[in-house]
Amino acid sequence: MVDFFTGLQPLAPGETDPARLAERVRELDASEAIDRVLVGYSSIWPHNHAMAPYMLAMTEKFSPIVAHRPGVMAPTAAARYFATLDVLAQGRLAINVVVGGADKDLHREGDHTPKSERYERAIEYLDLVRRTWTEKSSFDHQGRFYAAENVKLLTRPAQGQVPIFMGGESDAAVDFGARHADLYMLWGEPFSGTRERIARVRAAAEGYARQIEFSLSLRLFLGKTEDEAWAKARSVERQIAEAQGSHAFLRSSTTDNSVGRQRALALTDEELHDTCFWTGLTKLLGGFANSQALVGTEEQILDTLGTYHDLGVGTFLVTTGAEAGWDPALEAFLLRAKKEL
């Protein structure tokens, strides 16, 4: 059995009418294939901390993964916010901790913590968040990055602790994930790279006597034939290429010096890997996360997902199209994959 996640940008740039947002959210709430929905974070996007309660209020089983950046609020305030939200969500909440790779995006919000210190800060941040969720008595904290006095919550998460999801390729990211991640989110890679990354994170987690689950992010382009699938992929490639310079599609900043981005770009020396792993969009979008794709027939992609599953991937974050969004046309295939994997 596998789980499937997808992504949602709650409001498009400049969108001010929430009616279309409500339509998109209700569509995802009705899906039998999608288990959770990632609601991303950027300093220029509409704030996902405002969107999450709105989306939960109109749905019955919609389960958001709310991206959160350490540094935008104090850890004890974050613990209180997410505990309250998890109660309102009746235990359907997860958090994607995004430490941040692009300096420019952090600087917009007044966060000038050097990259070399961000994961150290994030470890202390999550240590304090988890302690706030679980400590029965009030406590004080005095650390390198944070100090708090008489910390106590009257409302705790419905789940006891809200699941923490994260990803990252640097040594510091792997250590952080080994300490705190319940699910380690991997960008799409060919089989060999995925095997290597899972082994590396598992070894680090064992050092902290922890076990971690894994997800893999992929765009899917399916067709009844290979030619049909590639026609869809090439159409999206042309759409993105023709929009270069317009900011119509999200792409990695040239100032993003993260290890994950560099690793993604290194894959673009070859366009096709394994059977149907395609990096054409990764090259166009500057190594942007979730730009790696699978292109092929249902049988080819199902076989590829099965191989990833055998390597240790229990969850796939799937999107499609130029916007890397959800398409209900994937529903039947994903239900089949759930049954057969």
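Setting aside neighbours within four places in sequence, L220 is in contact with L294, I301, V318, T319, T320, L330, F333 and L334, where contact means heavy atoms within 4.5 Å. Apart from it lies another core of 13 residues, including F221, A229, W278 and L281.

A word on the numbers: this is a predicted model, in which local features need pLDDT of at least 70 and side-chain atom pairs count only at pLDDT 80 or more, while totals for chains, interfaces and linings use all residues. Residues are numbered from 1 along each chain as its sequence is written, and side-chain values use heavy atoms, with hydrogens and water left out.

Which residues touch the most other members of the largest nonpolar core? They are W133, Y184, L220, F316 and L334, in a core of 79 residues. Its largest share, eight residues, is supplied by helix α5 (residues 115–134). A nonpolar core here is a set of buried Ala, Val, Leu, Ile, Met, Phe, Trp, Tyr and Cys residues joined through side-chain atoms within 4.5 Å. Buried stands for under 20% relative accessible area, exposed for over 50%, and partly exposed for anything in between (1.4 Å probe, protein chains only). Helices (H or I, at least four residues) and strands (E, at least two) are DSSP runs, numbered from the N terminus.

Two pairs are set side by side below.

| Helix pair | Angle | Axes apart | Crossing |
|---|---|---|---|
| α3 (residues 75–88) and α5 | about 50° | 8 Å | right-handed |
| α7 and α11 | about 25° | 10 Å | right-handed |

Axes are lines fitted to C-alpha atoms, for helices over the stretch in contact, and angles run from 0 to 180 degrees between N-to-C directions. Angles under 35 degrees count as roughly parallel, over 145 as roughly antiparallel, 65 to 115 as roughly perpendicular and the rest as oblique. That is why α3 and α5 are oblique to each other, and α7 and α11 roughly parallel. A crossing is right-handed if the near helix is turned clockwise from the far one by less than a right angle, and left-handed if anticlockwise.

α3 meets α5 through P75, T76, A78, A79, F82 and A83, with Y125, L128, V129, T132 and W133 on the α5 side. By class, this contact has nine nonpolar, two polar and no charged residues. Between α7 and α11, the residues F191, T194, R195, I198 and R202 of α7 meet T304, T307, Y308 and L311 of α11. Here the division is four nonpolar, three polar and two charged. In this scheme Ala, Val, Leu, Ile, Met, Phe, Trp, Tyr, Cys and Pro count as nonpolar, Asp, Glu, Lys and Arg as charged, and the others, Gly among them, as polar.

T304 sits in helix α11 (residues 298–311). Is T304 buried or exposed? T304 is buried, because its relative accessibility is 4%.

E189 and Y308 are 119 residues apart in sequence and 9.9 Å apart in space, C-alpha to C-alpha.

Finally, a look at backbone angles. Most residues other than glycine have a negative phi. N150, in strand β6 (residues 147–151), has a positive phi of about 55° and is exposed, at 56% relative accessible area. A209, in the loop between α7 and β9 (213–223), has a positive phi near 55° and is exposed at 74% relative accessibility.
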